Amino acid sequence: MVASLITPDPETAAQAAAERIAAAIAERLATATQVHVALAGGGTPRRAYEILAGLRDDWTGVHLWFGDERVVALDSDDANAQMVTEALVNPAGIARDHVHTVPTHLGARRACDTYADELRRHVGDASGWMPMLDLAVLGLGEDAHTASLFPVSAALGVSDKICVVVADAPKPPPTRISMTMAVLNAARARIVLATGTTKAPAVAASLAEPDLHVPASLLSRDATTWILDEAAASDLPRNLR
Ligand code: 6PG
């Protein structure tokens with residue numbers, strides 16, 4: 001059963017997401033020395049990250065990863081790493097060696113392979129080779145893509161890899177590295193944050209039957225919390241609101 005939390009507006013959705021991420025971090029660190037969180041890029045989560053930065057005093061043990069990254073310079077305004085650095089890493093004073101950025105300067109193929117190796121090295125495994133992140137924070141595109149897994153793309157079906165190169169993303173920039181759906185679903189928990197009327201059809205489709213045309217519908221229905229504002233939830237059937 002999918003859990004959803006619907007708030008009045010984008011600000012309260014950001015607040016709720018920040019609090020849920022902070023709670024997941026605190027819960028994990030109660031019994032472990034490290035917690036591994038993959039973050040979403042794009043624009044929606046920025047405010048949640050800004051709020052999150054103020055919700056912990058001690059970030060020791062928190063390792064940040066990226067569910068996807070655009071193959072651009074990491075200090076570019078197009079880079080998810082840049083947005084996370086501005087919104088969370090710098091304000092919270094998180095140690096750079098705990099922020100695992102995708103080494104995009106290596107080029108797409110080597111960046112993907114290097115990132116997969118780093119995930120294997122740092123993150124405990126779900127089953128042998130598959131790293132088990134503690135939390136994956138995800139966004140949602142208007143076409144229901146999540147991370148950089150776009151509708152009916154070859155990347156969606158990759159189940160034996162940790163991350164993939166996406167060379168033809170319909171959302172610019174076109175070349176990206178994305179964690180696979182297998183890795184996202186191997187995480188202990190997922191949070192999907194979506195706000196705004198333009199996301200309402202994608203939200204409703206994502207919470208309907210799994211469909212390769214609707215990537216986010218392939219996210220596990222267990223341990224996944226959808227945090228929505230009322231606008232993004234406006235196309236959901238009544239029983240899901
Ligand atoms: C990216 C993101 C992507 C994003 C959605 C929603 O690199 O673009 O990871 O999956 O979450 O496209 O983007 P917005 O939050 O900007 O609408």
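**View 1. Arg188 and Asp134 form a salt bridge.** Their side chains meet at 2.7 Å, N to O. A salt bridge here is a side-chain nitrogen of Lys or Arg within 4 Å of a carboxyl oxygen of Asp or Glu. Arg188 sits in the loop between helix H5 (181-186) and strand S10 (190-194), and Asp134 in the loop between strand S6 (130-131) and strand S7 (135-138), so the pair ties together parts 54 residues apart in sequence. Helices (H or I, at least four residues) and strands (E, at least two) are DSSP runs, numbered from the N terminus. Asp134 is buried at 9% relative accessibility, while Arg188 is partly exposed at 39%. Buried means under 20% relative accessible area, exposed over 50%, partly exposed in between (1.4 Å probe, protein chains only).

The model is predicted: local features need pLDDT of at least 70, side-chain atom pairs count only at pLDDT 80 or more, and totals for chains, interfaces and linings use all residues. Residues are numbered from 1 along each chain as its sequence is written, and side-chain values use heavy atoms, leaving out hydrogens and water.

**View 2. Arg46 pairs with Glu86.** This salt bridge spans 3.1 Å, N to O. Arg46 lies in helix H2 (residues 46-53) and Glu86 in helix H3 (residues 80-92), so the bridge ties together parts 40 residues apart in sequence.

**View 3. Arg47 and Glu50 pair within helix H2.** Their closest N and O atoms are 3.3 Å apart. Shared partners join Glu11, Arg47 and Glu50 into one salt-bridge network.

**View 4. Cys112 is in no disulfide.** A disulfide needs two cysteine sulfur atoms within 2.5 Å. The sulfur of Cys163 is 3.5 Å from that of Cys112, too far for a bond.
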